[in-house]
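Good morning, everyone, and thank you for making the time.

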Amino acid sequence: MSTSDVVVTGLGATTPLGGDVPSTWDALLAGRSGVSRITDDWIKEYPAQLVARLSTDPAEQLDRVRARRLDRSQQVAVVAAEEAWRDSGAGDAGVDPLRIAVVIGTGIGGALTLLGQDDVLEEKGPKRVSPFTIPMLMPNGPAAAVGLSIGAKGGVHAPVSACASGAEAIRWGLDLLRFDRADVVLVGGTEACVHPLPMAGFAAMRAMSTRNDEPERASRPFDKARDGFVLGEGAAALVLEREDSAKARGARIHARLAGAAGTADGYDLVAPHPEGEGAARAITAALRDAGLSPADVGHVNAHATSTPVGDTAEAAAIRSAIGDHVLVSATKSQTGHLLGAAGALESVFAILALREQVVPATANLENPDDDANVQALDIVRGEPRRASLTAAVNDSFGFGGHNIALVFTTA
Amino acid sequence: MSSTQEIQSGLAEILEEVAGVTPADATPEKSFTEDLDVDSLSMVEIATAVEDKFGVAIPDDELGNIKTVGDAISYIEKNQG
């Protein structure tokens with residue numbers, strides 16, 4: 001095990017709020033919403049008609065032929081990863097490609113390709129199915145495309161744990177560095193599955209908001225009137241390195257990745273444990289891993305998707321594992337729920353909160369839920385709040401009972 | 001029946017669309033893999049597009065013998081109509 005701390009030297013994202021990290025962060029602090037109502041004909045029969053679409057089409061950010069061979073989930077992963085890679089400067093630092101690794105998670109994989117090529121199969125027959133179908137739909141495809149893009153030969157990995165995938169990738173990257181399997185690891189998450197089938201599936205679970213007439217007010221974590229999440233698309237990426245080698249090459253350090261942990265609820269396939277027992281265990285274990293106590297944590301970027309059950313379970317977990325002093329943000333209120341990219345994007349937000357010493361507000365939190373834990377928490381709303389922060393936690397949970405907690409500290 | 005010239009320019013359009021090859025580079029002596037960076041999966045897409053454009057199907061065992069743009073032009077010329 002390496003004893004050197006792991007630091008974050010690069011950030012990248014393309015989201016419903018912006019085509020890169022600076023524009024996304026600015027829009028977040030300005031309180032802008034990425035949510036809109038779908039106007040396509042197919043949506044008419046759907047109870048839930050809202051979506052948080054990318055602000056910038058990734059096909060415009062990539063070479064045409066390259067974009068043509070990548071599923072949209074791969075396109076956004078490459079866009080976010082290339083921004084993070086440039087931001088880190090690692091590409092110009094002469095790092096041995098054998099010591100560069102990639103970990104990019106996705107919840108769903110290349111759903112648009114799978115479903116689109118199924119249409120081709122039905123309409124035109126098997127000979128017309130694209131020869132790129134398999135590499136475009138496989139869930140390791142985004143990681144593989146990013147690995148090719150940055151020239152990583154030290155291993156390319158793709159955790160799949162639903163909406164915890166992006167956070168799981170970050171935890172995996174931390175392990176790779178601690179076990180000295182690589183010197184630089186590009187980690188992140190990606191998702192792009194806005195399509196009638198996933199929309200119908202989530203709607204059938206009654207998991208999505210049906211506040212169709214008020215798109216920007218639909219995603220309202222912790223609010224009494226919340227009625228489900230809003231599906232979003234996008235990707236986010238981080239570059240991780242050990243502090244000693246990052247400093248040796250003169251890299252700029254955004255924050256430290258001080259600790260991480262993962263647990264399983266062991267309770268239900270999709271419903272979270274109502275008291276957030278598994279989530280609390282993940283947070284407690286991550287703090288222990290980081291060598292911190294709950295009192296050290298000043299900020300939590302919550303998973304809080306705006307579903308009735310999930311938000312109260314998480315509030316219970318935050319209270320029991322950290323306490324009432326912590327400033328909580330639920331940024332899905334503006335970005336929507338990016339599924340497998342959520343943990344990566346919200347880690348970027350937690351890092352920027354530490355770096356800029358400002359906690360983003362939770363939009364649409366007008367009347368906090370009557371739940372005692374929600375009532376007790378200090379959930380930032382209205383305006384972003386200035387705060388003196390040294391440590392921040394990002395929670396991520398996924399269908400399947402996956403819980404990941406990540407602990408970041410100031411550089 | 002398309003003329004040799006028509007086939008060459010039609011093929012160049014396909015190569016540009018599928019593989020980003022500049023039309024002026026799609027000359028008969030060019031090797032798909034060596035000169036134009038067209039990989040095996042793209043060759044499958046090109047074969048499908050050729051069938052759509054010229055009505056000439058290229059079976060897999062023939063596709064393996066088509067190494068250059070000129071090979072493709074001759075194959076289409078011989079098998080069309």
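Predicted model: local features only at pLDDT ≥ 70, side-chain atom pairs only at ≥ 80, totals over all residues.

**A walk through chains A and B**

Is Ala158(A) buried or exposed? With 24 other C-beta atoms within 10 Å, and with 20 or more being what the term requires, Ala158(A) is buried. Once its neighbours within four places in sequence are left aside, the contacts of Ala158(A) are with Ile104(A), Gly105(A), Thr106(A), Pro139(A), Asn140(A) and Ala143(A). For a sense of distance, the C-alpha atoms of Ala158(A) and Leu114(A) are separated by 18 Å, the two residues being 44 apart along the chain.

The contact between them takes 58 residues from domain 1 of chain A and 55 residues from domain 2 of chain A. On the side of domain 1 that touches domain 2, several elements of chain A each supply at least two residues, including strand E1 (6-14), helix H1 (21-29), strand E4 (100-106), helix H8 and strand E6 (184-191). Which element gives the largest share of that side? The answer is H8(A), with eight residues. By class, the residues on this side of domain 1 of chain A divide into 30 nonpolar, 18 polar and 10 charged.

The axes of H8(A) and of helix H14 of chain A, residues 342-356, come within 5 Å and cross at roughly 65 degrees. Angles from 65 to 115 degrees count as roughly perpendicular, and H8(A) and H14(A) are therefore described as roughly perpendicular to each other. From H8(A), the residues that make the contact are Ser165(A), Gly166(A), Ala167(A), Ala169(A) and Ile170(A), while H14(A) contributes Ala342(A), Gly343(A), Ala344(A) and Ser347(A). Sorted by class, this contact of H8(A) with H14(A) has five nonpolar, four polar and no charged residues.

Now to some backbone geometry. Leu339(A), which lies in the loop between helix H13 (332-335) and H14 of chain A, has a positive phi of about 50 degrees although it is not a glycine. Leu339(A) counts as buried, with 32 C-beta neighbours inside 10 Å. The other place is Arg206(A), in the loop between helix H9 (196-204) and strand E7 of chain A, where phi is near 60 degrees, again a positive value in a residue other than glycine. Arg206(A) has 13 C-beta neighbours inside 10 Å and so counts as partly exposed.

One further loop of chain A deserves a moment. Tyr46(A) is found between strand E2 (36-37) and strand E3 (50-52), and it is partly exposed, with 16 other C-beta atoms within 10 Å. What does Tyr46(A) touch, if we do not count residues up to four places away in sequence? Its contacts are Met199(A), Ala200(A) and Ala203(A).

Finally, chain B. Its secondary structure comes to four helices and zero strands, and read along the sequence the pattern is α-α-α-α. The radius of gyration of chain B is 11 Å, close to the 12 Å that the globule rule gives for 81 residues, so chain B is as compact as a globular protein of that length. The C-alpha atoms of chain B fill a box of roughly 30 × 25 × 20 Å along the principal axes, and 31% of its 81 residues count as buried. Among contacts in chain B between residues at least 6 apart in sequence, 59% join residues at least 24 apart. As for how the chains meet, six residues of chain A are in contact with six residues of chain B, and the side of chain A that touches chain B has three nonpolar, one polar and two charged residues.

Technical notes. Residues numbered from 1 in each chain as written. Chains lettered and ligands numbered in written order. Buried ≥ 20, exposed ≤ 12 C-beta atoms within 10 Å, placed from the backbone. Contact = placed C-beta atoms within 7 Å. Nonpolar A, V, L, I, M, F, W, Y, C, P; charged D, E, K, R; others polar. Axes fitted to C-alpha atoms, helices over the stretch in contact; angles between N-to-C directions. Parallel < 35°, antiparallel > 145°, perpendicular 65-115°, else oblique. Rg over C-alpha atoms; globule rule 2.2 N^0.38 Å.
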